[in-house]
Amino acid sequence: MNRMVPAVSADVPIVLVFSGHDPTGGAGLVADSEAIAACGGWAMTIPTALTVQNCRNVQAVAPVSGSQIRAMANALEDLPVAAIKVGLIASIDSLLAVMEIIRQRPGVPVIVDPVLKASGGAELSDAELVDTFCELLLPQVDIVTPNRYELARLAGPDSTDDTQRATALLHRGCQAVLVTGTDDPVPGVAVSHVMHTLHRPHGDRQWQWPRLAGSYHGSGCTLAAALAARLAIGEGVVSACEQAQAFTWQALKRGWQPGKDQYLPRRLWQLPNTSFTIPFTAV
Ligand code: PLP
């Protein structure tokens with residue numbers, strides 16, 4: 001029999017994703033799956049929470065229990081995972097389960113997007129969860145991708161600038177911190193641009209991108225998931241950060257507005273817009 005659709009090659013790197021479900025498809029598991037597929041990986045998705053939301057804001061969050069998370073991960077335990085991406089964690093029970101699963105896969109790069117607050121303003125975390133996250137999860141993380149607000153919350157009140165805050169997170173044991181400056185512009189950077197900074201123990205690296213007009217829902221998930229896929233395909237940290245930013249910028253530039261509220265990134269912009277015909281070979 002002729003194959004109608006090429007088989008997926010055995011070397012598509014798997015990214016194990018722990019994120020919330022966002023019905024708009026702007027953020028969460030859908031965002032992660034699209035970004036990972038577009039960047040050459042295969043997402044295996046374990047929901048950590050269900051959310052009630054639209055393109056304006058998050059209205060409610062229901063965490064998935066740690067035992068359900070463990071069961072879903074255990075069913076995948078014989079599969080080779082090339083990177084782990086963590087997004088919204090909405091309870092300590094889920095956090096402990098995710099940490100346990102990360103520990104069972106030593107050596108796999110772990111990319112964490114600390115989703116503490118929605119861009120629409122809703123709080124998605126609390127002080128106890130933030131403390132537990134810093135104390136227990138950060139030491140297992142290869143790269144964490146906070147925006148400036150999240151960085152300040154994770155680092156606490158003792159640090160006074162972004163470098164000190166990022167250093168505080170590095171001291172907690174994570175290997176790198178990629179701070180995004182879109183939502184809260186970095187002082188001294190022209191308003192026409194956004195600056196993102198990668199902090200590592202042996203030095204920093206910065207990128208500037210032209211600021212896009214509009215407000216977007218799901219940009220942080222897109223960036224962290226693209227970064228996870230690039231690390232999964234074997235790219236180095238600096239190059240993976242740069243490629244993930246370029247991908248995210250392109251997806252945002254092509255973003256669309258389903259109603260009157262935030263724009264959603266179009267991560268699959270390379271797919272045709274109109275209907276297309278799959279070549280078909282009869283048996
Ligand atoms: N809902 C879920 C499930 C998310 O993972 C996130 C962010 O990662 C959000 C909502 C908030 O997204 P944003 O801050 O981009 O609006």
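A total of 10 salt bridges was found, a salt bridge being a side-chain nitrogen of Lys or Arg within 4 Å of a carboxyl oxygen of Asp or Glu. The structure is a predicted model, in which local features need pLDDT of at least 70 and side-chain atom pairs count only at pLDDT 80 or more, while totals for chains, interfaces and linings use all residues. Residues are numbered from 1 along each chain as its sequence is written, and side-chain values use heavy atoms, with hydrogens and water left out.

One of the salt bridges joins Arg56 to Asp261, with 2.8 Å between the closest N and O atoms. This pair links distant parts of the chain, 205 residues apart: Arg56 belongs to the loop between strand 2 (42-53) and strand 3 (58-63), and Asp261 to the segment after helix 8 (237-253). Helices (H or I, at least four residues) and strands (E, at least two) are DSSP runs, numbered from the N terminus. Asp261 counts as partly exposed because its relative accessibility is 27%; buried denotes under 20% relative accessible area, exposed over 50%, and partly exposed the range in between (1.4 Å probe, protein chains only).

A salt bridge also forms between the side chains of Glu100 and Arg70, at 3.0 Å from N to O. Because Glu100 lies in helix 3 (residues 92-103) and Arg70 in helix 2 (residues 66-74), the pair ties together parts that are 30 residues apart in sequence. Glu100 is partly exposed at 32% relative accessibility, and Arg70 is partly exposed at 24%.

The side chains of Glu242 and Arg205 likewise meet in a salt bridge, at 3.5 Å from N to O. Glu242 is in helix 8 and Arg205 in strand 9 (residues 203-210), so the pair connects parts 37 residues apart in sequence. Relative accessibility is 31% for Glu242, which counts as partly exposed, and 36% for Arg205, also partly exposed.

Helix packing was examined for helix 1 (residues 28-38) and helix 7 (residues 219-232), which pack at an angle of about 40° with their axes 8 Å apart. Helix 1 is therefore oblique to helix 7, since angles under 35 degrees count as roughly parallel, over 145 as roughly antiparallel, 65 to 115 as roughly perpendicular and the rest as oblique. Axes are lines fitted to C-alpha atoms, for helices over the stretch in contact, and angles run from 0 to 180 degrees between N-to-C directions.
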